[in-house]
Amino acid sequence: MIEEKRIVLRNADLIDPEKIEDYLQAGGYQGLEKARSMSRPDLIAEIKKSNLRGRGGAAFNCGLKWSFVPADAPVSYVVCNFDEGEPGTYKDRIIVQKDPQSLLEGMAICGHAVNSKKGYIYCRGEYPYVVDLLNRAIDQARNKGVLGDFDIEVRMGGGAYVCGEETALIESIEGHRGEPRFKPPFPGVAGLWAQPTVVNNVETFANLPSIVINGAEWFAAIGAPNYPGTKVLTLTGDVANRVSIEVPTTATLREVIYDFGGGIKDGKRFKAVQVGGTSGGFIPESLLDTPIDFDSMRGIGATLGTGAVFVMDETRDIVDITTRIAKFFEHESCGKCNPCREGTFRAHEIMKKVNQGRASVQDIENLTILSQVMEKACLCGLGQAAPAPILTTLKHFYPEYQARLQLN
Amino acid sequence: MITLTINGKEVQTPEGSTILEACQQAGIPVPTLCYDPDLRLAGSCRMCLVEIKGRPLYAASCVAPAENGIIVETESPGIVAARKVILELLSARHNFNCQVCEKNGNCKLQDYCYQYGVKESRFNYGEPTNYPINDPNPFFERDYNKCIMCTRCVRACEDITIARAISVDNRGHHAKIATAFDGNLTDSPCVFCGQCVMVCPTGALTSKVSAGLGRSYEVDKVLTTCSYCGTGCTLELNVKNDRVVGVTSNRTETGSPVNKGALCVKGRFGWDFINSPERLTTPLIKENGEFRKASWDEALDLVAKRLGEIKTEFGADSMAVFTSARVTNEENYIAQKFTRAVLGTNNVDHCARL
Amino acid sequence: MTNSIGELEKDADCIFVIGSNTTENHPVIGMKIKKNVLQNGARLIVADPRRTDLAKIADVYLPHLPGSDVALVNGMMNVIISEGLADLDFIAQHTEGFEEMAALVAGYTPEFVAPITGVPAEDIRKAARLYAESGNSVICYAMGLTQHRTGTDNVKSVCNLAMLTGNIGRPGTGVDPLRGQNNVQGACDMGGLPNVFTAYQAVTNDAAREKFEQAWGVSLPSQNGLVLTEVINKAHHGDIKALYVVGENPMMSDPDLEHVGEALEKIDFVVVQDIFLTETAKYADVVLPSVCFAEKDGTFTNTERRVQRVRKAVSAPGEARVDWEILCEVATRMGYPMNYENSEQIFEEIRTLTPSYAGISYQRIENGGIQWPCPNEEHPGTPYLHKEGNFSRGLGAFTAIDYIAPGELPDEKYPLRLTTGRSLFHYHTGTMTRRASALNEHVPTAELEINPEQANALGIADNDLVNVSTRRGRLEMKAKVTDTIAPGVIFTTFHFTETPANLLTSSEFLDPTAKIPEYKVSAAVVEKI
Ligand SMILES: Cc1cc2nc3c(=O)[nH]c(=O)nc-3n(C[C@H](O)[C@H](O)[C@H](O)COP(=O)(O)O)c2cc1C
Ligand code: SF4
Ligand code: SF4
Ligand code: SF4
């Protein structure tokens with residue numbers, strides 16, 4: 001049986017998150033010290049070699065992202081994406097609540113690598129109590145002098161799901177309407193206030209201290225070679241144990257659901273699992289032996305996303321759930337680009353029609369074409385990913401749709 | 001220079017160009033709705049999508065950089081299908097009443113629906129758009145049932161006029177162009193320059209002064225210089241049946257060197273005095289304190305005779321001419337020549353100082 | 001303008017706007033200034049008794065009292081000299097008269113100037129530093145600077161300021177008068193002035209006169225003629241017997257309208273050539289219908305000296321005829337045949353007599369226009385004058401100018417300063433815009449702007465009807481209570497025939513050189529009705 005492996009949660013429940021002394025005692029800020037003894041190119045090369053990939057959803061190689069920041073940029077920023085807007089996801093909150101200093105240390109390591117003096121943590125609006133905790137942690141780090149000339153400021157999120165998208169997040173920090181920008185230019189070249197900016201997820205940053213201390217090889221050897229390390233997962237829905245866990249990325253969905261989640265609640269049967277948040281694909285029983293790493297999930301038309309694992313038992317109504325998801329995206333579309341603004345609205349209307357038993361085969365066909373275009377044509381990840389639940393449920397659970405269609 | 005392949009043809013374009021610019025240079029038409037070369041880029045309408053070989057997503061060519069070696073298709077089956085869907089999505093929120101629309105024949109949505117054979121939308125699900133049309137300003141109509149949310153108006157207001165009267169309100173499908181608090185333009189910082197009307201690709205924003213007077217394909221456009229302030233903006237008089245029916249902008253650097261199409265409220269909406277029934281149409285001669293109509297010959301003879309008499313009796317310096325800061329150079333020249341050479345005095349002036 | 005409009009958007013690092021409500025009176029230029037300030041980071045100084053749109057975004061706003069311009073600019077120059085910010089190299093190489101000017105300005109410390117202008121000394125210092133230290137600084141002004149008895153002094157003052165800091169002869173610098181009407185520049189260039197032929201060739205200069213005599217085949221008068229206000233005054237004395245008015249409307253635009261009306265009454269024979277029966281045309285013995293810009297060909301010259309085409313778009317209404325044709329007809333009937341095929345033929349004659357237009361032809365300006373001076377067909381035109389500090393007259397001359405108070409200062413009976421101007425939605429005497437349906441619907445009447453403090457003291461609320469009176473007359477209009485105007489100052493527009501503001505202004509105080517009446521300051525009193 002596969003076991004938990006703790007890298008980002010290494011201090012969880014072992015130290016007092018309110019006390020920087022505890023963190024220091026547990027070896028905290030040694031990673032930063034070591035990083036600062038390295039040249040910037042060496043540090044970036046080391047992180048690149050570890051093959052740490054972003055934990056915010058897109059799984060981009062972290063060191064590679066940093067290398068886009070021009071070496072001679074006079075001003076640059078480090079931004080932590082702690083928007084965590086994905087329903088059913090709370091792993092970033094767990095990481096911050098249990099060990100805020102490791103996030104700060106990770107950001108400071110990045111600051112050294114890209115020659116930045118200023119970091120921002122963009123914190124989800126629903127987490128005001130975590131903001132207080134973070135501010136206390138930052139104060140302690142400042143007073144101890146461990147951050148050196150790197151400073152960190154916490155900003156409250158705007159409350160919209162799309163603000164988690166890195167360029168919308170940047171717009172939001174700048175005080176504008178939270179709308180994604182087109183890319184390129186990528187934030188690494190022109191981000192916050194048009195300066196080079198690295199945006200990484202909380203979990204990505206929290207991995208850094210251990211990688212710097214133990215070396216790239218150590219990290220690259222853990223879990224799946226293409227997506228090494230661990231992943232913090234949050235289990236929700238109809239599992240027996242709704243827990244958060246950190247496992248090597250070689251763990252399969254079946255292991256996650258049955259070994260850690262304790263299987264399906266109340267002895268019912270499994271029907272589907274949606275991984276990675278609202279925009280994740282729906283996965284049927286037959287694919288449960290897929291490992292959770294990013295590329296394997298991609299391979300089955302799903303995503304690892306943020307690591308939310310939403311389990312559905314046999315009583316769940318797939319069409320109804322998909323309709324609710326369609327409503328979520330209609331509501332969360334920022335409205336900037338045509339295919340998403342209009343597409344999420346019409347997709348929800350069609351799903352409502354299906355759900356109410358008024359739809360025809362033609363309607364399903366229209367929905368499919370619309371979804372396929374949205375995946376390729378939308379400006380940002382929200383619109384590109386919004387059709388995934390529709391397309392995967394149509395693929396794996398078509399009989400449930402069929403049962404609702406109007407005959408003739 | 002950058003070399004890339006577009007539709008099987010090798011194309012060269014300067015460093016820093018977008019794919020759209022590369023296409024334009026190569027004479028390959030790409031449809032656009034939100035793109036406007038004079039405005040900040042939006043990359044949002046997604047009409048200009050192209051396929052780049054090896055990339056999973058379509059790229060908006062107006063914002064995608066041209067890169068060495070990429071292979072671009074602008075009209076692949078996937079792209080055409082995507083454009084159709086986008087047009088159908090826009091059609092689903094658009095109130096097509098082209099038969100009475102001011103923009104009929106000059107509407108990008110209409111043009112592209114025609115080009116891509118979009119007869120009706122597959123996506124007429126849910127309630128049709130139904131925004132009230134009630135902005136009481138006398139200059140232009142705001143019909144957001146025809147708006148395709150390209151935000152060109154917002155960007156023109158912000159980047160040309162710098163008025164920031166309008167912005168995008170709400171989110172998602174309910175996003176719409178509005179003033180702060182979604183009120184009337186008269187209660188906003190709007191200066192009624194009509195730059196928004198100039199850039200709007202559809203019938204959402206149209207001049208009320210020109211309403212019903214002629215469609216774009218019925219009018220001739222005559223490039224001329226505005227007759228109000230001294231800035232000297234270039235504008236186009238729209239003429240139908242020997243009547244001025246509107247003003248539009250010439251937006252080229254050479255055609256409109258001072259203003260590049262930008263105008264103010266007077267230039268854009270203040271032209272219908274030309275057709276005023278109060279215009280003078282015949283010479284008038286005052287008799288017993290009342291004006292009566294006269295023929296040109298009678299009037300001109302009278303003027304010539306009286307001026308001649310006064311010159312003889314009181315001398316040239318008893319006469320004066322006020323020429324005008326409003327008439328042409330040629331007319332001013334003739335007026336001062338007339339004063340000096342014919343009347344024989346230098347008493348000629350105009351209201352330069354007034 | 002010494003420089004070009006486009007430079008205000010791109011090249012200027014600091015823009016000093018004095019006496020110009022640019023966003024209302026030259027809206028498209030106003031947009032360019034706003035763009036430069038808000039998007040490109042240019043600095044902005046605004047001096048105006050009204051807190052205009054530009055004043056609201058200015059780095060320094062100087063709400064100086066109407067008529068105190070010379071004192072204000074002298075104060076700024078005092079700061080620039082005493083703080084060592086003057087461009088001494090430029091002064092030494094390209095100018096003369098600096099010592100005399102500097103000696104005079106030495107007395108104009110900001111503390112001395114503050115009570116005259118109503119502007120705090122510290123703000124005068126800030127403005128001076130900003131103007132002197134920003135790189136390329138440009139001065140824009142309009143009638144707010146010129147329509148004073150000291151109008152010429154005011155203009156010379158801002159020229160002093162530009163030369164003092166070497167802000168001349170580069171893109172983004174210079175002294176830019178924003179001309180109020182479409183073709184004021186052209187009317188002046190064409191010799192529509194009593195003292196000069198085209199291109200400012202003096203009528204008193206024998207060589208110039210001989211050139212025109214030869215070209216026109218007649219002998220020409222050698223004495224300067226009368227300026228417009230002098231014509232009116234002489235007419236009032238009965239000394240003007242005939243007046244021929246081409247497209248002007250002095251019965252709205254000239255100061256002290258009652259006086260103008262009396263003068264027009266006394267003239268034996270008045271001809272008015274216009275497109276509408278204007279207030280002035282009502283005094284005419286003969287009215288000749290002419291055509292508007294849409295109905296004729298020709299050229300206008302804009303405020304940046306750009307000669308551009310006007311093109312005929314539609315036929316004239318009824319029997320109306322082009323102004324030049326009418327004048328030629330009269331000339332011919334008076335025994336001096338004037339015959340031209342078209343406006344281009346006239347332009348060709350202009351070119352031969354006008355050195356600064358010599359290189360311009362209809363063909364060359366088919367696209368885009370050309371900025372004079374353009375001496376020959378190869379010349380591209382001149383976007384900015386005095387390149388590298390080379391002034392046309394040799395050295396740029398400083399003028400030492402003392403402040404002179406406005407002719408009519410407030411007193412017990414007339415305690416306020418009335419100043420006049422324009423609205424975005426109307427133009428000059430309203431002849432055209434009052435008949436443009438949308439403009440007139442949007443702004444159908446004049447308002448009297450008054451500061452809340454003042455209004456309160458007089459018991460006046462927003463929209464109340466008030467009487468505003470000066471020594472010349474009285475008008476009734478609606479009050480607009482607004483803090484965009486300084487206390488002690490009131491403002492109205494002169495577009496409305498129902499409330500002709502020039503009934504109130506005075507023709508008594510003229511600028512001694514330019515003979516500009518002091519529109520911008522009249523002592524006035526306001527009462528609630
Ligand atoms: C609609 C949308 C919402 C997103 N929300 C989040 C979020 O809440 N947290 C996050 O870390 N990344 C989120 N992302 C991903 C970010 O855009 C970005 O890829 C990420 O912050 C990069 O960090 P990483 O490389 O460390 O993963 C979101 C993306 C999209 C398209
Ligand atoms: S895909 Fe949706 S959320 Fe993203 S930019 Fe387009 S409208 Fe906004
Ligand atoms: S008319 Fe001008 S100021 Fe008004 S909304 Fe349109 S662009 Fe903005
Ligand atoms: S009103 Fe016109 S310009 Fe503005 S967003 Fe709508 S379609 Fe575009």
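Me: How many salt bridges are there between chain C and chain B?

Reply: First, a caution: this is a predicted model. A salt bridge here pairs a side-chain nitrogen of Lys or Arg with a carboxyl oxygen of Asp or Glu, within 4 Å. Between chain C and chain B the count is seven. Take one of them: Lys296(C) pairs with Glu331(B), and their closest N and O atoms are 2.9 Å apart.

Me: How many residue pairs are in polar contact between chain C and chain B?

Reply: A polar contact needs a pair of N or O atoms within 3.5 Å. Chain C and chain B have 61 such residue pairs, counting those with both residues at pLDDT 80 or more. On the side of chain C that touches chain B, the residues split into 83 nonpolar, 37 polar and 31 charged.

Me: How many residues does each of chain C and chain B bring to the contact, and what area is buried?

Reply: Contact is judged by heavy atoms within 4.5 Å. Chain C brings 151 residues and chain B brings 107. The area buried between the two chains is about 11,000 Å². Carbon and sulfur atoms give 64% of that area.

Me: Now chain B and chain A. How many residues of each are in contact?

Reply: Chain A has 34 residues in contact with 36 of chain B. About 3,000 Å² is buried between them, with 59% from carbon and sulfur atoms. Three residues stand out on chain B: Tyr125(B), Arg171(B) and His173(B). They supply 25% of the area that chain B buries against chain A, more than any other three residues.

Me: Which residue forms a salt bridge with Arg93(B)?

Reply: Look across to chain A. Glu342(A) is the partner, with the closest N and O atoms 2.8 Å apart. The count of salt bridges between chain B and chain A is two. Polar contacts between these chains come to 19 residue pairs, both residues at pLDDT 80 or more.

Me: Which element gives the most to the side of chain B that touches chain A?

Reply: Look for elements that give two or more residues. On chain B these are α2 (77-92) and β7 (167-169). α2(B) gives the most, with seven residues. By class, this side of chain B has 22 nonpolar, eight polar and six charged residues.

Me: On to the ligands. Which residues come nearest to ligand 1?

Reply: A residue joins the shell when one of its heavy atoms lies within 4 Å. Ligand 1 has 19 residues around it, and those that come nearest are Gly56(A), Asn81(A), Asn200(A), Asn201(A) and Thr204(A). By class, the shell has three nonpolar, ten polar and six charged residues.

Me: Which side chains have an N or O atom by an oxygen atom of ligand 1?

Reply: Check the distances one by one. For Thr204(A) the distance is 2.7 Å. For Asn200(A) it is 2.8 Å. Lys65(A) also places a polar side-chain atom 2.9 Å from an oxygen atom of ligand 1. Taken alone, ligand 1 exposes 620 Å², and the protein buries 90% of that. In chain A, β4 (197-201) and α16 (381-385) each give two or more residues to the shell. β4(A) gives the most, with three.

Me: Which residues come nearest to ligand 2?

Reply: Cysteines feature here. Cys334(A), Cys337(A), Cys340(A), Cys380(A) and Gly383(A) come nearest, out of 13 residues around ligand 2. The shell around ligand 2 holds nine nonpolar, three polar and one charged.

Notes:
Residues numbered from 1 in each chain as written. Chains lettered and ligands numbered in written order. Predicted model: local features only at pLDDT ≥ 70, side-chain atom pairs only at ≥ 80, totals over all residues. Heavy atoms only, no water. Polar contact = N/O pair within 3.5 Å; in protein donor to acceptor, adjacent residues only side chain to side chain. Areas by Shrake-Rupley, 256 points an atom, 1.4 Å probe, with all protein chains shown as cover. Helix = DSSP H or I, 4+ residues; strand = E, 2+ residues; numbered from the N terminus. Nonpolar A, V, L, I, M, F, W, Y, C, P; charged D, E, K, R; others polar. Buried area = accessible area lost by both parts, 1.4 Å probe.
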